[in-house]
Amino acid sequence: MLARNADSLYWIGRYVERADDMARILDVVVQQLLEDATVDTDSMVRHVMAVLGFDPENDREHTVWSMVDRVAYDRSCPESIVGLVETARENARGAREVISSEMWECLNATYMGLDDAERRARLLGPHAFATYIKERAAMFAGLTDATLSHDDGYSYLIVGRSIERVDMTVRLLMSRSAYRRDALSWMSLLVAAGAQDTYVRAYRGAVDTENVVEFMMLDRLFPRSVFHSLRVAERFLAELDKRPDRVGSQSTALTLLGRARSSVEFIGRAEMVRDLPAYLLDMQETCRAVSESIAEEHFHIEPYVSWTDTGLAGFEHGGTS
């Protein structure tokens with residue numbers, strides 16, 4: 001597979017997943033801010049925007065609506081939800097020969113429908129826009145699994161999606177754990193991840209810090225848990241690793257993923273909860289290092305051979321070679 005196509009598929013997976021997860025986080029944060037009068041709106045908005053990677057301006061007071069405008073609708077910002085959808089679409093446009101028509105049509109239709117979705121949301125509330133993004137992302141994921149050949153291109157997309165899912169789950173935990181840790185806040189986290197029903201069945205409805213952290217970090221069956229996402233990324237990246245199957249020969253990215261997965265797999269939940277902020281920052285740094293290693297090891301393109309007329313100059317001037 002061409003490196004540029006592999007690169008595009010990897011980032012399509014990341015951008016679509018990031019847009020989906022940002023919509024989920026934004027949806028529950030807006031709902032909590034509008035329903036809970038005890039929350040300091042400016043402080044929480046600054047915290048959530050920082051967790052999502054936005055620079056909260058210090059010279060203004062932030063509101064729910066200023067956060068929504070910046071995170072969801074800002075077309076001048078490539079990190080906003082609409083910016084992520086647009087970038088995913090442009091990557092898909094450049095990789096049309098390796099994705100299915102249904103995948104392209106889904107991303108293109110999603111992009112073309114952003115204006116209408118924003119207009120509806122400004123009338124009905126941000127929940128309408130978040131729902132649109134979540135539904136379209138789910139449709140794209142289903143079409144990817146059903147219509148794209150499960151070859152190297154599929155593996156690159158799934159690796160990108162899984163690494164982004166780890167990073168966004170970590171950000172989701174950051175947005176809750178560092179601000180408040182009551183049962184209502186933890187339940188809103190589970191709702192954001194689409195995990196509330198699965199969690200309630202697994203823990204018989206007992207919502208507390210250790211249970212929620214254990215579920216979101218360590219659960220082996222829930223698709224959005226950190227451990228499950230790391231294991232999926234590790235499995236598909238191993239299929240892309242063309243090195244001989246010998247000790248010490250695997251790629252740096254695969255080594256980092258295996259180390260991160262092992263650290264999650266063999267840590268006690270009490271220890272994890274006690275050092276949760278530091279642990280989350282370390283996991284986020286691992287995601288960044290893995291992404292950089294994948295780019296270097298899989299998408300690095302050697303300089304093209306450049307032909308010159310040096311050898312012909314002698315002929316042009318009557319010389320010989």
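Trainee: Which helix gives the largest share of the lining of the largest pocket?
Mentor: The model is predicted: local features need pLDDT of at least 70, side-chain atom pairs count only at pLDDT 80 or more, and totals for chains, interfaces and linings use all residues. Helices are DSSP runs (H or I, at least four residues), numbered from the N terminus. At least two lining residues each come from α1 (3-35), α8 (152-177) and α15. The largest share, 6 residues, belongs to α15.

Trainee: How much space lies in the largest pocket?
Mentor: On a 1 Å grid over the protein atoms alone, a pocket is an open set of points with protein on both sides within 12 Å along at least five of seven lines, and a lining residue has an atom within 4 Å of a point. Points are joined across faces, edges and corners, and the volume is the space filled by probe spheres set on them. For the largest pocket that space is about 320 Å³.

Trainee: Which residues are closest to the centre of the largest pocket?
Mentor: Residues are numbered from 1 along each chain as its sequence is written, and side-chain values use heavy atoms, with hydrogens and water left out. The largest pocket is lined by 18 residues. Closest to its centre are R14, R18, E164, D167 and R171.

Trainee: How many charged residues are in the lining of the largest pocket?
Mentor: Ala, Val, Leu, Ile, Met, Phe, Trp, Tyr, Cys and Pro count as nonpolar, Asp, Glu, Lys and Arg as charged, and the others, Gly among them, as polar. The lining has 6 nonpolar and 3 polar residues. The charged residues number 9.

Trainee: What is the volume of the largest cavity?
Mentor: A cavity is a set of points where a 1.4 Å probe fits but cannot get out. The search of the whole structure finds 4 cavities of 30 Å³ or more. The largest cavity has a volume of about 110 Å³.

Trainee: Which residues are closest to the centre of the largest cavity?
Mentor: In all, 14 residues line the largest cavity. Closest to its centre are V16, V85, L107, T110 and A137.

Trainee: How many nonpolar residues line the largest cavity?
Mentor: Helices α1, α4 (81-94), α5 (101-112) and α7 (126-147) each supply at least two lining residues. By class, 1 is polar and 2 are charged. The nonpolar residues number 11.

Trainee: Which helix gives the largest share of the lining of the second largest cavity?
Mentor: About 70 Å³ of space lies in the second largest cavity. Its lining includes D21, R24, R165 and R224. Both α1 and α8 supply at least two residues of that lining. The largest share, 4 residues, comes from α8.

Trainee: Are α5 and α7 roughly parallel or roughly antiparallel?
Mentor: Their axes are lines fitted to C-alpha atoms over the stretch in contact, with angles from 0 to 180 degrees between N-to-C directions. The two helices pack at about 170 degrees, with axes 9 Å apart. Angles under 35 degrees count as roughly parallel, over 145 as roughly antiparallel, 65 to 115 as roughly perpendicular and the rest as oblique. So α5 and α7 are roughly antiparallel.

Trainee: How many nonpolar residues are in the contact of α5 with α7?
Mentor: Contact means heavy atoms within 4.5 Å. Among the residues that make it are M103 and L107 of α5, and M139 and F140 of α7. The contact has 3 polar and 2 charged residues, and its nonpolar residues number 8.

Trainee: How far apart are the axes of α12 and α15?
Mentor: Helix α12 covers residues 226-240 and helix α15 residues 276-298. They pack at an angle of about 15 degrees, with axes at a distance of 14 Å.

Trainee: Which residues of α15 does α12 meet?
Mentor: From α12 come V226, L230, L237 and L240. On α15 they meet M283, I294 and H298.

Trainee: Are α13 and α15 roughly parallel or roughly antiparallel?
Mentor: Helix α13 covers residues 252-265, and its axis comes within 8 Å of that of α15. The crossing angle is roughly 160 degrees. Therefore α13 and α15 are roughly antiparallel.
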